[in-house]
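Grab the coordinates and work through the exercises below. Each one sets a task and then walks through a solution.

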Amino acid sequence: MKIILGAAQFGLDYGISNMHGKTTIQEAKKILQYAYSNDIEMIDTAIQYGNSENVIGHSIDKGDNWKIVTKTINFSGDCINQGHIKQLKDSLNKSLLNLGESNLYGLLIHSCDNIFLPGGERLFKTMEAMKDEGFINKIGVSVYSSEQINRVLDNYAIDLIQLPISILDQRLINDGSLARLKEHNVEIHARSVFLQGLILMQPNNVHPWFSAISGELNDFHMEAARRNMTALQLALGFVQSIKEIDRIVVGVSTLEQLYEIIDAKLVRVDINNLSNLAINNPKFLNPSNWKI
C-alpha cells in the first residue's frame, strides 16, 4: 500500500479542517494498531510535531516492524557551524529515544534551505555518516518547490524526498520535477494531498480568505459527485494514480478517518483528465502563506 500514516496530529492541533484537536493517546493507539493490521507499516513524524514521537514510541507494538521517517529541527542562523552539527546529532538521538527505536527508515532535513546556507553541506555529510553507522536507512529533504528540488539534485545525492502534491496542486507533475527525481532514483513521498483538509471541506464552510479559489473548489466537488465518489476518494485516488509517487503521507485524527482512507486505497483515476482542476497560485497552495 502507498499510504504512510502522518502523525502530526498525534502531537499538535493540526489542520485547517481538524475539528477534533490533538489526537488522544488512546485514539492514537487504536489508529496505529488498525493501520498496521491493514498493511500500513510506515509512519511520518518530526521532532517538532509536539510530543508526536513520544506518543508513537509508547503506542506501537515493539514486535511490529514499523518503518519510521522523521525530520530534523530547523537550524537557525545564516550559516551552519559545529553547534548545528551537534544539534543534528542530539536531535537524532532524541528521536530514537522518543520512538524507542535503534534505527529509522528515513531522516529528512525539515527546512531544505538549511543545506544551502554556508556550511550547509556539513549537515548532509553528518547525515551520510549516520546512515553509514546504521542509524538511518535513507536520508533526504522536505521541499516546497521545484526550485528547491533542482538545487538539491544539483548538489546532493539524496535517497528520499517529501513534497507537496494534490489534485489542486499539480505543479510538480507539469514542470517535470517528479520525472527528474525518478531519473535520480529518489524515493518520493507526497504530502498535502488534502491541503490540510481544505479540499475535503464543503465549499460553503471554507474561510472567506479562499474566496478567490471558490470556483475551483466547487468544480472539484462537482467532479467527485459526477464520478459518484466522495471528495476524499477523488483527492486520494488522484495522487495514488501518479506513477512516480512511491508513498503518500495521510494524517488522521480519528480511527473513523482512517477507515475512510483505507476504503479508498484502491481508487485510481486518469490524472490527465483532471488537469482542469489545478490551481497555480502558491498563495493558496502553501499553508504557510494562508492568512486565516
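**Exercise 1. Find the element that supplies the largest share of the lining of the largest cavity, then describe that lining.**

Step 1. The element you want is H3, which gives 3 residues, the largest share of the lining. Helices (H or I, at least four residues) and strands (E, at least two) are DSSP runs, numbered from the N terminus. A cavity, on a 1 Å grid over the protein atoms alone, is a set of points where a 1.4 Å probe fits but cannot get out, and lining residues have an atom within 4 Å of a point.

Step 2. A bit of housekeeping: this is a predicted model, where local features need pLDDT of at least 70 and side-chain atom pairs count only at pLDDT 80 or more, while totals for chains, interfaces and linings use all residues. Residues are numbered from 1 along each chain as its sequence is written, and side-chain values use heavy atoms, with hydrogens and water left out.

Step 3. List the lining: Ile47, Thr70, Lys71, Thr72, Ser91, Leu92, Ser95 and Leu107.

Step 4. Sort them by type, and you get 3 nonpolar, 4 polar and 1 charged. Here Ala, Val, Leu, Ile, Met, Phe, Trp, Tyr, Cys and Pro count as nonpolar, Asp, Glu, Lys and Arg as charged, and the others, Gly among them, as polar.

Step 5. For the volume, expect about 30 Å³. That is the space filled by probe spheres set on the points, with grid points joined across faces, edges and corners. The search turns up 1 cavity of 30 Å³ or more.

**Exercise 2. Work out how Asp90 and Lys86 pair up, and how accessible Asp90 is.**

Step 1. Check the distance: the closest N and O atoms of Asp90 and Lys86 are 2.7 Å apart, which makes a salt bridge (a side-chain nitrogen of Lys or Arg within 4 Å of a carboxyl oxygen of Asp or Glu).

Step 2. Look at the spacing. The two residues sit about one helical turn apart, because Asp90 and Lys86 are 4 residues apart in helix H3 (residues 82–99).

Step 3. Asp90 is partly exposed at 39%, and Lys86 is exposed at 51%.

**Exercise 3. Which other salt bridges does the search of the whole structure find?**

Step 1. The total is 11. Among them is Lys131 with Asp159, at 2.9 Å from N to O. This pair links distant parts of the chain, 28 residues apart: Lys131 is in helix H4 (residues 121–132), and Asp159 is in the loop between helix H5 (146–155) and strand S6 (160–164). Lys131 is partly exposed, at 30% relative accessibility.

Step 2. Another is Glu223 with Arg227, whose closest N and O atoms are 2.6 Å apart. Glu223 is buried at 14%, whereas Arg227 is partly exposed at 26%. Bring in Arg226, and Glu223, Arg226 and Arg227 form a network of salt bridges.

**Exercise 4. Explain why strand S7 counts as largely enclosed, and trace its pairing.**

Step 1. Count burial: 5 of the 5 residues of S7 (residues 187–191) are buried, so the rest of the structure largely encloses this strand.

Step 2. Find the partners (two strands pair if DSSP finds at least two bridges between them). S6 and S7 run parallel, joined by 5 bridges, and Leu163 has Ala190 as its bridge partner in S7. S7 also pairs in the parallel sense with strand S8 (residues 247–251), over 2 bridges; there, Ala190 is partnered by Ile248.

Terms used. Buried means under 20% relative accessible area, exposed over 50%, partly exposed in between (1.4 Å probe, protein chains only). On a 1 Å grid over the protein atoms alone, a cavity is a set of points where a 1.4 Å probe fits but cannot get out, and a pocket is an open set with protein on both sides within 12 Å along at least five of seven lines; lining residues have an atom within 4 Å of a point.
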